[in-house]
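Let's take a walk through this structure together, from the overall fold down to a few individual residues.

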Amino acid sequence: MNFGRKLKMVLEIKELRHKQFANMLGIPTSTLEGYLNSGKQPDFEVLVKIASMLNVSVDYLLDNNFTPQPNLVSAKELSLIAKLRTFGKTERNIIYFLVDKLYDGSTEGEQDE
């Protein structure tokens, strides 16, 4: 998988629009579109910034290995994490408890089938 296709895939997983991500990088949307669709490659500084902002390695973006990294987190998940961090310890523990119970319930249901 080439750089542009892999970058496009990661942006989709993270639910980032091209214009939004170009603004985050501080580059014109047309430059990002060139990376995504025209086989253009960013310079090293931009490549490092892309990897850092997407929480993936440069190797991952440049490697032809299709295996996604396990740390790909969607924008929705990042938003939930940010909100969770605003709660106090007691509220977070309640949320952790609820998530654990919901998760345990969903895995028990799968085993019964």
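This is a predicted model: local features need pLDDT of at least 70, side-chain atom pairs count only at pLDDT 80 or more; totals for chains, interfaces and linings use all residues.

Residues are numbered from 1 along each chain as its sequence is written, and side-chain values use heavy atoms, with hydrogens and water left out.

Start with the overall view. The chain holds seven helices and zero strands, where helices (H or I, at least four residues) and strands (E, at least two) are DSSP runs numbered from the N terminus. Of its 113 residues, 25% count as buried; buried means under 20% relative accessible area, exposed over 50%, and partly exposed in between, using a 1.4 Å probe and protein chains only. The accessible surface comes to about 7900 Å², and carbon and sulfur atoms hold 54% of it; these areas come from the Shrake-Rupley method with a 1.4 Å probe, and for residues only the protein chains shown count as cover. Among contacts (heavy atoms within 4.5 Å) with a separation of 6 or more, 55% join residues 24 or more positions apart.

Now look inside. In soluble globular proteins, nonpolar side chains tend to be buried together. A nonpolar core here is a set of buried Ala, Val, Leu, Ile, Met, Phe, Trp, Tyr and Cys residues joined through side-chain atoms within 4.5 Å. The largest such core has 22 residues, and Leu7, Phe21, Leu32, Tyr35, Ile50, Leu54 and Leu61 touch the most other members. Two or more residues each come from α1 (3-13), α2 (18-25), α3 (29-37), α4 (44-54) and α5 (58-62). Take Leu7 as an example: leaving out residues up to four places away in sequence, Leu7 touches Phe21, Leu32, Tyr35, Leu36, Ile50 and Leu54.

Next, find the pair α1 and α3. Their axes come within 6 Å and cross at roughly 115 degrees; axes are lines fitted to C-alpha atoms, for helices over the stretch in contact, and angles run from 0 to 180 degrees between N-to-C directions. The two helices are therefore roughly perpendicular to each other, a term for angles of 65 to 115 degrees. From α1, Phe3, Gly4, Leu7, Lys8 and Leu11 make the contact, and from α3, Leu32, Tyr35, Leu36 and Asn37.

Which residues of α3 are buried? They are Leu32, Gly34, Tyr35 and Leu36, and their cover includes α1, α2 and α4. Tyr35 has a relative accessible area of 8%. The C-alpha atoms of Tyr35 and Gly4 are separated by 5.4 Å, although these residues are 31 apart along the chain. Beyond its neighbours within four places in sequence, Tyr35 is in contact with Phe3, Gly4, Leu7, Ile27, Lys40, Gln41, Pro42, Val46 and Ile50.

Finally, turn to the backbone. Just after α3, Gly39 takes a positive phi of about 75 degrees. Glu15, in the loop between α1 and α2, has a positive phi of about 60 degrees although it is not a glycine. Glu15 is partly exposed, at 49% relative accessible area. Asn55, in the loop between α4 and α5, likewise has a positive phi, near 60 degrees, and at 42% relative accessibility Asn55 counts as partly exposed.

Definitions and conventions:
Angles under 35 degrees count as roughly parallel, over 145 as roughly antiparallel, 65 to 115 as roughly perpendicular and the rest as oblique.
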